Amino acid sequence: MSDDTAKPRLVPFAILLVVVALATAGVTALLLNISERKAEERTPFVRLVEVDEDTTDPEVWGTNWPRQYDTYKLTALPTRTRFGGHGGSEALPEQKIERDPWLERMFRGYAFSIDYRDRRGHAYMLQDQEETERLKVPQSGSCIHCHASVLPLYRELGDGDVMAGFEGTYAMSYQEANAKLHELGHGQPVSCVDCHDPESMAIRVTRPGFIQGIQRLAEGDAEVPHLPSIERWRDGPRDRPYDPNTDATRNEMRSYVCGQCHVEYYCSDKFTLTYPWGHGMDAEATEKFWNEVEFEDGERFYDYKHKETGAPILKAQHPEFELWSQGIHARSGVSCSDCHMPYMRDGATKVSDHWVRSPLLNVERACLTCHHFSAEEMLERVDQIQTRNFELLQNAGAALMDLIDAINAAREAGATDAQIAPALELQRQAQWRLDYIAAENSMGFHAPQEAARVLGRASDLARQGQVAALEWRKTVETAQR
Ligand code: HEC
Ligand code: HEC
Ligand code: HEC
Ligand code: HEC
Ligand code: HEC
């Protein structure tokens with residue numbers, strides 16, 4: 001090929017390049033314009049008052065964003081479904097430990113056997129914490145993390161450094177941290193500033209416990225197909241920690257804001273509030289994380305020793321974010337907000353419903369946007385999932401009671417600690433799984449098959465423990481032979 005045949009071809013190619021570049025710029029500008037307009041359609045507002053990082057009072061924000069504030073206030077209203085919302089009176093939600101007596105027995109030796117009630121709307125979170133009888137035993141300042149608009153308190157305690165302030169609170173008493181919160185004038189339940197950047201109104205996460213926990217998840221190697229930004233960060237240079245506020249997609253943020261609090265955690269005066277996600281988020285991965293933690297004296301981690309059997313127990317707390325992660329909705333990119341804060345029309349604009357509550361009270365907007373069945377049909381589908389889960393839960397609860405009985409009987413018959421040890425270990429494993437689903441608030445809905453698997457395993461482990469407690473005599477006899 002000679003030079004003079006190649007040259008003339010370059011000219012049309014250059015022209016083509018310019019044309020393509022111009023066209024691309026045009027399309028990009030158009031797309032940007034459309035997305036700006038979409039954003040405008042979503043968030044038309046006039047900033048009548050200034051809000052900043054210290055504006056924890058939602059009423060002030062309500063001046064600028066009245067539609068969101070009006071629905072936010074509705075979280076003070078009662079909500080009741082078959083398994084969701086709360087039973088009992090408006091003065092006090094129903095006791096879970098009275099409804100399911102096996103719950104009370106499995107918590108013996110821990111404050112949850114004194115007082116453990118149905119949850120209710122966000123408006124009550126601080127008040128219900130201040131009034132729980134669980135405070136009759138000393139509780140840590142870490143408790144405040146998920147029950148109040150807490151960032152200004154952390155800044156104050158850490159001399160401007162939120163993380164430092166947060167890390168100090170575990171050593172304070174609950175009463176001390178709570179008094180300081182009120183003294184600073186921030187005695188508010190979760191507020192606008194906890195989920196929104198006051199400058200841009202973009203959603204964000206602020207809870208230090210979540211930020212550390214999700215970084216631990218990113219740094220581990222558990223599969224997270226439902227969190228693509230973590231997979232991207234892992235494939236990158238990893239020269240800085242994963243940062244949910246800059247790395248996550250908007251869709252992921254629509255779940256992260258809830259994952260700040262609706263998660264399994266450890267909170268006491270022994271160490272900083274911890275979210276156990278280093279090996280992943282399912283029941284086995286979080287159990288493994290806790291099993292690797294040691295107290296200062298080298299003892300393996302536990303939340304309490306069971307009062308009847310002495311087993312070192314792990315207590316599970318509301319793992320909504322974790323169970324959701326195991327389900328088909330998470331995997332399909334359906335966020336917490338899609339179901340719990342669905343869009344509502346307000347004239348020409350779309351507003352996110354800030355009345356965070358059971359989606360079963362709101363099936364048309366929460367489910368029918370994606371599922372083309374009647375509301376009745378969707379309610380029945382949920383009811384079927386929950387009924388099955390409830391039955392498995394009760395079965396596993398009964399199996400655990402039999403295990404505790406068997407351990408007690410073995411002790412009465414003279415079994416030594418060493419002979420009982422295998423049964424105690426199985427109690428720890430069975431209870432962890434049972435509690436993981438019992439403490440989760442969707443009665444299995446967030447990941448039905450996973451919930452069934454975990455409960456099946458809980459029953460299995462409880463029965464294995466029962467066998468171990470019955471058979472210690474045999475091991476003694478074999479040893480004597
Ligand atoms: C596909 C829809 C859907 C998604 C996504 C979803 N949930 Fe749910 N959630 C439900 C349903 C349905 C229930 C059961 C409500 C009931 O029994 O009244 C529920 C129950 C709950 C409850 C208890 C509600 C009550 O009234 O007591 C909480 C808390 C909760 N979800 C939090 C979350 C969090 C946090 C996420 C994200 C990590 C999430 N949910 C994702 C549908 C969803
Ligand atoms: C700052 C912590 C925090 C954040 C963030 C948070 N929640 Fe909650 N949520 C709570 C607490 C605490 C309660 C229980 C309050 C009580 O019982 O007094 C609760 C209760 C609920 C309930 C029960 C409502 C009812 O009427 O019974 C639902 C549903 C719920 N949250 C879903 C969500 C969803 C969805 C998100 C994210 C959009 C979210 N929460 C964000 C702490 C939080
Ligand atoms: C990681 C976040 C987080 C921390 C830390 C936390 N909570 Fe909660 N708490 C929640 C969420 C979410 C709910 C609502 C779901 C539920 O009730 O299962 C809740 C519900 C409650 C309730 C109402 C239902 C019940 O259990 O009777 C009380 C009371 C409560 N918490 C007290 C405490 C105390 C005391 C501490 C400290 C030991 C604490 N919380 C620490 C997130 C948290
Ligand atoms: C628990 C977290 C949470 C709290 C608390 C919260 N929001 Fe939101 N807010 C969201 C989420 C999630 C969205 C949807 C954002 C998206 O899809 O980009 C949203 C959206 C918005 C939007 C954008 C328009 C819309 O409706 O989608 C405005 C404005 C807003 N919230 C105002 C407020 C105000 C005012 C408060 C306090 C009264 C508040 N929010 C409290 C989570 C929260
Ligand atoms: C943003 C879309 C979206 C919303 C909102 C949504 N879903 Fe789904 N749902 C899906 C997708 C996607 C699947 C996966 C199945 C598929 O791909 O068709 C699914 C699956 C399901 C399944 C089958 C679950 C399983 O484990 O096999 C049930 C039941 C269900 N949804 C109920 C609900 C209910 C009830 C609500 C409202 C509380 C709801 N969905 C809200 C998109 C959605």
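Me: What makes residues of the shell around ligand 5 count as nonpolar, polar or charged, and how do they divide?
Reply: Ala, Val, Leu, Ile, Met, Phe, Trp, Tyr, Cys and Pro count as nonpolar, Asp, Glu, Lys and Arg as charged, and the others, Gly among them, as polar. By that rule the shell around ligand 5 divides into 10 nonpolar, 4 polar and 2 charged residues. This is a predicted model, in which local features need pLDDT of at least 70 and side-chain atom pairs count only at pLDDT 80 or more, while totals for chains, interfaces and linings use all residues. Residues are numbered from 1 along each chain as its sequence is written, and chains are lettered from A and ligands numbered from 1 in the order in which they are written.

Me: Which residues come nearest to ligand 5, and which elements supply the shell?
Reply: A residue is near a molecule if its C-beta atom, placed from the backbone, lies within 6 Å of it; 16 residues are around ligand 5, and Ser332, Asp338, Pro359, Cys367 and Cys370 come nearest. Helix 17 (328-331), helix 18 and helix 20 (375-412) each supply at least two residues, where helices are DSSP runs of H or I with at least four residues, numbered from the N terminus. The largest share, 3 residues, comes from helix 20. At least three residues come from each of domain 1 (58-371) and domain 2 (377-475), with bounds taken from an automatic or database domain assignment.

Me: What surrounds ligand 2?
Reply: Ligand 2 is surrounded by 26 residues, the closest being Tyr124, Asp128, Cys258, Cys261 and His340. Two or more residues are given by helix 6 (125-131), helix 14 (250-259) and helix 18 (336-340), and the largest share, 3 residues, comes from helix 18. By class this shell has 10 nonpolar, 11 polar and 5 charged residues.

Me: Why is alanine 177 called buried?
Reply: A residue is buried if 20 or more other C-beta atoms, placed from the backbone, lie within 10 Å of its own, exposed if 12 or fewer do, and partly exposed in between. Alanine 177 has 24 such neighbours, so it counts as buried. Alanine 177 is found in helix 9 (residues 174-183) and, leaving aside residues up to four places away in sequence, touches Gly141, Ile144, Thr169 and Met172, contact being two C-beta atoms within 7 Å.

Me: Why do methionine 201 and arginine 238 get their exposure labels?
Reply: Methionine 201, in the loop between helix 10 (192-195) and helix 11 (208-219), has 17 neighbours and therefore counts as partly exposed. Arginine 238, in the loop between helix 12 (228-235) and helix 13 (244-247), has 11 and therefore counts as exposed. Phi is positive in both, about 70° for methionine 201 and near 55° for arginine 238. Most residues other than glycine have a negative phi.

Me: How do you know that the largest nonpolar core lies between the domains?
Reply: A nonpolar core is a set of buried Ala, Val, Leu, Ile, Met, Phe, Trp, Tyr and Cys residues joined through C-beta atoms within 7 Å. The largest has 83 residues, of which Ala396, Leu400, Leu403, Ile407 and Ala469 touch the most other members. Helix 20 gives the most to this core, with 12 residues. Domain 1 and domain 2 both give residues to this core, so it lies between them. Apart from this core lies another, of 18 residues, among them Cys143, Leu157, Phe166 and Ala177.
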